[in-house]
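Hi everyone, thanks for coming. Let me put the structure up on the screen, and then we can walk through a few places in it together.

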Amino acid sequence: MADQPADKKFFENLSGAGKAIGVLTSGGDAQGMNAAVRAVVRMGIYVEAKVYFIYEGYQGMVDGGDNIVEVSWESVSSILQVGGTVIGSARCKEFRTREGRLKAAFNLIQRGITNLCVIGGDGSLTGANLFREEWSGLLEELAQSGKIEEEAVKKYVYLNIVGMVGSIDNDFCGTDMTIGTDSALHRIIEVVDAIMTTAQSHQRTFVLEVMGRHCGYLALVSALACGADWVFIPEYPPEEGWEDQMCVKLSENRARKKRLNIIIVAEGAIDSHNKSITSEKVKDLVVQQLGFDTRVTILGHVQRGGTPSAFDRILASRMGVEAVLALLEATADTPACVVSLSGNQAVRLPLMECVQMTQEVQKAMDERKFCEAVRLRGRSFENNLNTYKLLSHRKPDTELPKDHLSCSTNFNVAVLNVGAPAAGMNAAVRSAVRVGITEGHNMFAVIDGFEGFANGQIKEISWRDVGGWTGQGGSLLGTKRALPAKYLEKIADQMRTNNINALMVIGGFEAFESCLQLAEARARFEEFCIPICVLPATISNNVPGTDLSIGADTALNAIVETCDRIKQSASGTKRRVFIIETMGGYCGYLANMGGLAAGADAAYIFEEKFDIRELQANVEHLTEKMKTSIQRGLVLRNENSNENYTTDFIYQLYSEEGKGVFDCRKNVLGHMQQGGAPSPFDRNFGTKISAKAIQWISKKLRETYRRDEGKVFANTEDSVCLLGMRRRNLLFQPVVELKDQADFVHRIPKEQWWLKLRPLMKILAKYKTSYDVSDSGQLEHVARHSPKEAETGAI
């Protein structure tokens, strides 16, 4: 393409013509596997490769015949929202033998397949690597026995392997999240939320057993997401005497009028002597020592079931496309790789390096080197564990000396919400309050944002006050869009009256803008010369300085659930196109990513200008689609994508142009996107970044406290920061520096990372488009981070 920049790399230069790709799922099933299969098939066909389903995993490869089938674009229609794996998975003893692998090689050669995309766990991927290493030897053996021609040995000289990790346990090193983990967390949290209501009615203790024979990720994140009283995981066995410690904590919580206790046990939980800790053992202990009414719930395969979450669909779609790119770029010297997620970035890693580190975790645990096991699990796991430790073990007030922070007074830290409500705000407030108290601060809650601040709606908030907040939607503190500019004098008075030494502001673009105003007002009001931190929380995901905001994941799930139901209704009536309007202001994040996760045909957004010609082209595209077996359409429109091409206009245009071919319906999702219980991701993200922000505030308070004057004075740019996730890291960025990155008229960042993913939705909907793959292609090595990196790294 003539207009492509010289420094960019575009995938149009990568052709799959003459290549054949086989895709299989192996090992335990995981929600999102079908989304990955769909992406591999459609991207493969898009680049003109032949793509084959290999049914029943390695067993199907060994058996051959009808188990290896060439597929079409329509073959993967309607599987995006289906849990499990539609191409089947099976354990295969025969593939573990050379004879079995010889059969598999023969069956692949019959169809010219020399590119394999394997979706499974470490066992499945290790088997694939061995198969690749033996490939040339297997082909020579087949030629010698006369089963294949010598020409075939030369033609199919090497086998390319790319893996994607599908495992609900998230037990594979090298990736922050494996396909299926987020969906499994959804199942667990749905159960926990339901149990909490019945448990509160009867003052009960519930012991929940979740999956994780060798990895405690599900148990750990579930405990963070629901505010559990205690968690047992394999990587972090409790100390000697844990039985008494746990019972003391449970009885203290009950004494503080907490009506229920939640204990989460990973199925592989052990004590410090490597002895198993079972859910029944924990239940018996609570009943015997405390006499509490205690019940056990074993979640079992419920965690593997159900529809995949929005996160897993997007992750699997990104990984599937990246896997095809990796196969197209592979050479004889390229090692087998896995495509994975680091922070918010897709990366390629050598498969065996990841497998080796995964095995090292188990070795460290067998040798009772538990700190080493946690470190090897990666930054994400370590940060989860550190946050859990911070939040779960309250220090008695007597343990906190007055000079806890190297000064003569406890600091007063205020927390408030600004802007529209977003699911996960309450989890962030809870985390801030409890970590703040643990750090020795007095925590204050501001009701109704800066308007409430100006009116003196400020109260001290205790550890107990925020109990049970993680699962609550909306904003329990109350939130308003009002900016501080018109209340500056009143707010300064209230800060002086309440001796506020630091401020945490949780909200969207308004929160960012508010803190910018406070920073700029420091010259006039000394009261604002304190550490101030912004936590991005908005469903629109439109805050500069961060790739993700608290609340956006919950909103995406609400959109995707609605789209699933709408598509289901359309499949019954046939030849119907739905036009759905999403929120987001001028930011197209929800429409674009919702479209990718729901399998939409088009998504209209403000950031990418469109005209009547494009609308007409979309109608023609849908008209062609109605001639296939997929007789339905889904179109998303961001609410402010265009002032003239409104949702009504697009609906009327489609209705008119589609007459006789398809009919239309429209749906405005509205405020349902802001409501509901927060998703596990938003609970966890809010909890972790809030804890990190309070630790940053504590550090700034120590640095800026003037002992001789007995007060805090901070007026440097780096004392008013926004904590955001950028690619792979959580970064504190001065709001003044982010000012140039913001479009204040449209309330969006000037550059948005997710626009790079926009072509994926178009490709998977069968549109020809250009796709910049400059970030792809570099095979990295598995990072072995230091403890210092874990403190500053990704979530």
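Predicted model: local features only at pLDDT ≥ 70, side-chain atom pairs only at ≥ 80, totals over all residues.

Let's begin with a space: about 1,000 Å³ lies in the second largest pocket. Residues are numbered from 1 along each chain as its sequence is written, and side-chain values use heavy atoms, with hydrogens and water left out.

What do I mean by a pocket? On a 1 Å grid over the protein atoms alone, a pocket is an open set of points with protein on both sides within 12 Å along at least five of seven lines, a cavity is a set where a 1.4 Å probe fits but cannot get out, and lining residues have an atom within 4 Å of a point. Points are joined across faces, edges and corners, and a volume is the space filled by probe spheres set on them.

So who lines this pocket? There are 39 lining residues, and Gly28, Arg91, Gly121, Asp122 and Gly123 lie nearest the centre. Two or more residues each come from α4 (122-144), β6 (205-210) and α11 (351-366), and α4 gives the most, with six. Helices (H or I, at least four residues) and strands (E, at least two) are DSSP runs, numbered from the N terminus. By class, the lining has eleven nonpolar, 17 polar and eleven charged residues. Here Ala, Val, Leu, Ile, Met, Phe, Trp, Tyr, Cys and Pro count as nonpolar, Asp, Glu, Lys and Arg as charged, and the others, Gly among them, as polar.

Next, please look at strand β2, residues 50-54. Is β2 mostly covered or open? Four of its five residues are buried, where buried means under 20% relative accessible area, exposed over 50%, and partly exposed in between (1.4 Å probe, protein chains only). β2 pairs with β1 (residues 20-25) in the parallel sense over four bridges; two strands pair if DSSP finds at least two bridges between them. Within that pairing, Val23 has Phe53 as its bridge partner. On the other hand, β2 and β3 (residues 68-70) pair in the antiparallel sense over three bridges, and there Phe53 partners Val69.

A word on cysteines: the structure holds zero disulfides, a disulfide being a pair of cysteine sulfur atoms within 2.5 Å. Cys215 is in none, and the nearest cysteine sulfur, that of Cys173, is 8.3 Å away. Cys215 is buried, at 2% relative accessibility.

Asp448, in the loop between β13 (442-446) and α15 (449-454), has a positive phi of about 60 degrees although it is not a glycine. Lys766 is not a glycine either, and its phi is positive at about 75 degrees. Asp448 is partly exposed at 22% relative accessibility, and Lys766 is partly exposed at 46%.
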